[in-house]
Amino acid sequence: MLRLYDNHLSGNGYKPRLLLAHLGQAYERVEVDILKGETRTPEFLSRNRNGRIPVLELEDGTCLAESNAILFYLAEGSRFLPSDPLARAISLQWMFFEQYSHEPFIAVARHWIQHVEMTSAQRALLPEKREGGNAALTVMEGHLRDGNWFGGDAMTIADVALYAYTHVANEGGFEIERYPAVRDWLARVQEEPGHVPMEPASEGVIAPTKS
Ligand SMILES: N[C@@H](CCC(=O)N[C@@H](CS)C(=O)NCC(=O)O)C(=O)O
């Protein structure tokens, strides 16, 4: 059985959880306490040298890290990853956008505000995080004025990747109401059959039913 090393607060961890629910794929979920440094133990580092969740452990013990790589692997052959080369690349385009222009601003601001005691250096960087996050939301708003989804005519892994931290952007101090097309897209993602919320995320074997 697939095993997912995960943390219930993490949008990066939620991405594979959400896709696995849509795929109706059973897996074992292992909660890793990122705030207590459990991602930096020798045991965890043997699964991901980069010391971060999520990590997907395959049945043969191979470990795959990086949330968007995990999405790409899991979605192969499903409706969440198009077969056309250009359509696949467009999904990847938005997933790289998420990692470079979105997550480092929106997820990091949320983490600092919600989960840790902010240092003065982090507090000083917060306006920069706000600016970067709003720039990403503006790009998304522009795209969604012309289309319902990011990777084509239906929901793909690009939407899963972008949904994870956008739907909790308010926790990072972002005003999603300023982005009506993004807000409508969030509702569309939530209305897809098989959708599961970010929390609660139980431990042990998760056996979703296929939507
Ligand atoms: N680019 C990575 C980022 C993963 C990441 O930042 N994981 C955080 C939780 S969201 C983590 O494990 N932090 C614990 C640590 O750095 O020790 C991905 O998309 O999977």
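Asn12, Ile34, Arg52, Ile53 and Glu103 are the closest to its centre among the 24 lining residues. Here a pocket is an open set of points on a 1 Å grid over the protein atoms alone, where a 1.4 Å probe fits, with protein on both sides within 12 Å along at least five of seven lines; lining residues have an atom within 4 Å of a point. The model is predicted, and local features need pLDDT of at least 70, side-chain atom pairs count only at pLDDT 80 or more, and totals for chains, interfaces and linings use all residues. Residues are numbered from 1 along each chain as its sequence is written, and side-chain values use heavy atoms, with hydrogens and water left out.

Helix 4 (residues 85-115) gives the largest share of the lining, 8 residues; helices (H or I, at least four residues) and strands (E, at least two) are DSSP runs numbered from the N terminus. By class, the lining comprises 9 nonpolar, 10 polar and 5 charged residues. In this scheme Ala, Val, Leu, Ile, Met, Phe, Trp, Tyr, Cys and Pro count as nonpolar, Asp, Glu, Lys and Arg as charged, and the others, Gly among them, as polar.

We now turn to the ligand. The largest pocket is the space that the ligand takes (more than half of its atoms lie within 2 Å of the grid points). Thr39, Arg40, Glu66, Ser67 and Gln99 come nearest among the 13 residues around the ligand, where near means a heavy atom within 4 Å. This shell consists of 4 nonpolar, 6 polar and 3 charged residues.

An N or O atom in the side chain of threonine 39 is 2.7 Å from a ligand oxygen atom, and a backbone N or O atom of glycine 51 lies 3.3 Å from an oxygen atom of the ligand. In the side chain of glutamate 66, an N or O atom is 2.7 Å from a nitrogen atom of the ligand. The protein covers 81% of the 510 Å² of accessible area that the ligand has on its own (Shrake-Rupley method, 1.4 Å probe).

Glutamate 66 is found in the loop between strand 4 (63-65) and helix 3 (67-75), and has a positive phi of about 75° although it is not a glycine. Isoleucine 53 is joined to proline 54 by a cis peptide bond, with omega about 0°.

How values were computed: A polar contact is a pair of N or O atoms within 3.5 Å; within protein, one must be able to donate a hydrogen and the other to accept it, and residues adjacent in sequence count only if both atoms are side-chain atoms.
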